[in-house]
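Reader: Could you walk me through this model, starting wherever you like? I may jump between topics as we go.

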Amino acid sequence: MADEALFLLLHNEMVSGVYKSAEQGEVVSAATRPSRFTKDTARFKDELDIMKFICKDFWTTVFKKQIDNLRTNHQGIYVLQDNKFRLLTQMSAGKQYLEHASKYLAFTCGLIRGGLSNLGIKSIVTAEVSSMPACKFQVMIQKL
């Protein structure tokens, strides 16, 4: 329980620091440090297997639960939906924070992108929040 609180505090301070730097004129690149979690993982047979790994094993390790829903158009676009995203639950009490919620998803977009990169998949990851604490991450696979 204490390690979870520390993780949440660290995350909040990272977001705050990045945006304070941006206000001072520095370049903001919130998703610059990819995760090394998947570095030694055996290769998967296809892209869908990799996305299932991200939704189950990777998400469980980082956020203590699996992704609630994975959808694909089978043309390189995946949507990962988390109905109770841990990093938004504390600020989900009111709608006044909805416009700021996307700032708190940049770190997670970087984690997803980094995990996929370590598995040899180049991607663009974006996030959206329509009602908190639920959020959707859209992963667009870039073909080489």
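**The sheet and what packs on it**

Author: Strands S1 and S2, the latter covering residues 77-82, pair in the antiparallel sense over four bridges; helices (H or I, at least four residues) and strands (E, at least two) are DSSP runs numbered from the N terminus, and two strands pair if DSSP finds at least two bridges between them. This is a predicted model, in which local features need pLDDT of at least 70 and side-chain atom pairs count only at pLDDT 80 or more, whereas totals for chains, interfaces and linings use all residues. Residues are numbered from 1 along each chain as its sequence is written, and side-chain values use heavy atoms, with hydrogens and water left out.

Reader: Which residue in S2 is the bridge partner of arginine 71?

Author: The partner of arginine 71 is valine 79.

Reader: And in what order do the four strands of the open sheet come?

Author: The order is S1-S2-S4-S3, with antiparallel pairing. The edges are formed by S1 (69-72) and S3 (123-128), each of which pairs on one side only. Neighbouring strands of this sheet are turned by 20° against each other on average, with direction ignored.

Reader: Which strands does H2 touch where it packs on the sheet?

Author: H2 touches S1, S2 and S4 (135-141), and its direction makes about 15° with that of S2. Contact means heavy atoms within 4.5 Å, while axes are lines fitted to C-alpha atoms, for helices over the stretch in contact, and angles run from 0 to 180 degrees between N-to-C directions.

Reader: What about H3, which strands does it lie across?

Author: Helix H3, residues 106-118, lies across S3 and S4 and runs at about 155° to S3.

Reader: Back to H2 for a moment: where does it bend?

Author: The bend in H2 is at isoleucine 54 and amounts to about 35°, taken as the angle between axes fitted to the seven residues ending there and the seven starting there. H2 spans residues 47-63, 17 residues in total, and reaches 22 Å from its first C-alpha to its last, which is close to the 24 Å expected at 1.5 Å a residue; that expected span is 1.5 Å times one less than the number of residues.

Reader: Which residues of H2 are buried?

Author: The buried residues in H2 are Ile50, Met51, Phe53, Ile54, Cys55, Phe58, Trp59 and Phe63. Buried means under 20% relative accessible area, exposed over 50%, and partly exposed in between, using a 1.4 Å probe and protein chains only.

Reader: How many residues sit between S3 and S4 in their hairpin?

Author: There are six residues between S3 and S4 in the hairpin. The two strands run antiparallel and are joined by six bridges, and in S4 the bridge partner of glutamate 128 is lysine 136.

Reader: Changing topic, where is lysine 64 found?

Author: Lysine 64 is found in the loop between H2 and S1, and it has a positive phi of about 65° although it is not a glycine. Lysine 64 counts as exposed because its relative accessibility is 57%. Histidine 74, in the loop between S1 and S2, also has a positive phi, of about 60°, and counts as exposed at 66% relative accessibility.

Reader: Why remark on those backbone values?

Author: They are remarked on because most residues other than glycine have a negative phi, and most peptide bonds are trans.

Reader: Last one: what pattern does the chain follow along the sequence?

Author: The pattern is α-α-β-β-α-β-β, with three helices and four strands in the chain. Buried residues make up 34% of the 144 residues.
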